[in-house]
Amino acid sequence: MKDWPEIFDLAVVGGGNAALCAAITAAQQGASVLILEGAPVAYRGGNSRHTRNFRCMHKGPMFPLTDAYEEEEYIHDLMLVTKGKTDEALARLAIRSSEKCLPWMMAQGVRFQPSLSGTLSLSRTNAFFLGGGKALVNAYYNTATDLGVKIAYEAQVTHVHRDGDLISHLEAEIAGRPVTVKARSFVLASGGFQADLDWLARAWGPAARNFLIRGTPYNRGVVLRDLLDQGAESVGDPTQCHAVAIDGRAPKYDGGIVTRLDCVPFSIVVNRDGDRFYDEGEDVWPKRYAIWGRLVAAQPDQVGYALIDAKSIDLFMPSVFPAVKADTIEGVAVAMGLDPAAVRRTVTTFNAACRPGPFHPTELDGLRTEGLEVPKTNWARPLDTPPFYGYQLRPGVTFTYLGLKVDARAQVHTAEGPIRNLWAAGEIMAGSILGQGYLAGFGMTIGTVFGRIAGKEAAAHVA
């Protein structure tokens, strides 16, 4: 800290994608920048290090993206998953800006690759990072360092000091030592509150303590709460979040994307009592994977079980955990602690409802059941070919949607008006666009677009 200036042009709270985009953008415009990353070096990058792709609008083929994915289709997809609960103007801003972000990301050292087997349905809409999110984060840190950005790790901001319509300084602990950070402008990019189980339980009830937090354990909402307590306008419902169904054997925190299970479209999913509870074939998985966390969260004991047979075991990205395997469906049920008779009844009823027809695993094939109260509307094939497999599912929260309300300049507002030198980007303001639901890769889009906007605005403020 000896080489720090007494006052920075910009202090960025957070160390993930949005924070880095803001810091790099401001530094490229000549601002002196400090990043305050709450995690130690090995865990830097927030949830961004668990990501793998970026959803991008484009009018024609653009490496690594195929064909075209234009604004109206993109906004249509977003409206479907959010059921219209979005600020459309901000959403369209994020979508339109995404096209220019891709070459900018490459210029900062991010590398891309074609879609992997098992993700081909995303080759037109999502650009995949070579080396995953951790490689993206490392590239951004290298660029930021080359630009002279100062970086403090294990830097926990405890208070953002508001003085009317200005932020004067931050109170923080860096490696356990109290520090006052002075700057002329500030960007908050410190994520949601998903790692604070007490806060989750206040919003969801005691069941939330059974959730797994697949995102970073360092996003505890300390800065978010501090700003809300000081009158910042909020957006979002505290019970809404990006939650997916993950392997029930995943760690309590920080399991990341490798704990996600993509087998649901080719499975039947039962609850603790052996009953199906939702259409597993409602749509292609990238448009539905984010609803299954909430579906499982609503089941007894917040648990579900995906059951498949030998015909489907190679149709999805393999899990980091091996499946439970047995020669009979009853054997799988017993191994997972389920009533074998109840599971057998459900499978027998499901198999009888399946109808013959062409099966196409990469597209909606209309191969559906008939006569079931809970139908399966695509990829419905009998579970009749041993061996049989099973995965336990738990809700895995990536990030929460309650956040700070921002405008198109990413500026944070109070009821009295904007805080003139404060901007927010990434998950801490994503609730402005994501009222509910999730679209694969869109969190990175929001973080990149609004991170760049926040950095540009902050640099202009001090110029």
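## Charges and overall make-up

Lys and Arg count here as positive and Asp and Glu as negative, with His and the chain ends not counted. By that tally the protein chain carries 46 positive and 49 negative side chains, and the centres of the two sets are 2 Å apart, taking each charge to sit at NZ of Lys, CZ of Arg, CG of Asp or CD of Glu.

A word on the model: it is predicted, so local features need pLDDT of at least 70 and side-chain atom pairs count only at pLDDT 80 or more, while totals for chains, interfaces and linings use all residues. Residues are numbered from 1 along each chain as its sequence is written, and side-chain values use heavy atoms, leaving out hydrogens and water.

## Fold and dimensions

The protein chain contains 11 helices and 19 strands (DSSP runs numbered from the N terminus: H or I of at least four residues for helices, E of at least two for strands). Its radius of gyration, 23 Å, is close to the 23 Å that the globule rule gives for 463 residues, so the chain is as compact as a globular protein of that length (taken over C-alpha atoms; the rule is 2.2 Å times the number of residues to the power 0.38). Along its principal axes, the C-alpha trace spans about 70 × 50 × 40 Å.

Of the 463 residues, 60% count as buried, meaning under 20% relative accessible area with a 1.4 Å probe, protein chains only. Among contacts (heavy atoms within 4.5 Å) with a separation of 6 or more, 73% join residues 24 or more positions apart.

## Inside the cores

The largest nonpolar core has 134 residues, and M105, L404, F442 and F450 have the most contacts inside it. Such a core is a set of buried Ala, Val, Leu, Ile, Met, Phe, Trp, Tyr and Cys residues joined through side-chain atoms within 4.5 Å. Leaving aside neighbours within four places in sequence, F442 is in contact with R55, Y74, L78, A94, I95, I433 and L434. A second, separate core of 18 residues includes M336, V343, V347 and A380.

## Two loop residues

G248 sits in the loop between strand 12 (241–247) and strand 13 (268–271). Beyond four places in sequence, G248 contacts L212, Q392, L393 and R394.

N219 belongs to the loop between strand 10 (212–213) and helix 6 (222–229). N219 is buried, with a relative accessible area of 10%. Not counting residues up to four places away in sequence, N219 touches N47, S190, G191, G192, F193, Q194, A195, D196 and E427.

How values were computed. Buried < 20%, exposed > 50% of the residue type's maximum accessible area, 1.4 Å probe, protein only.
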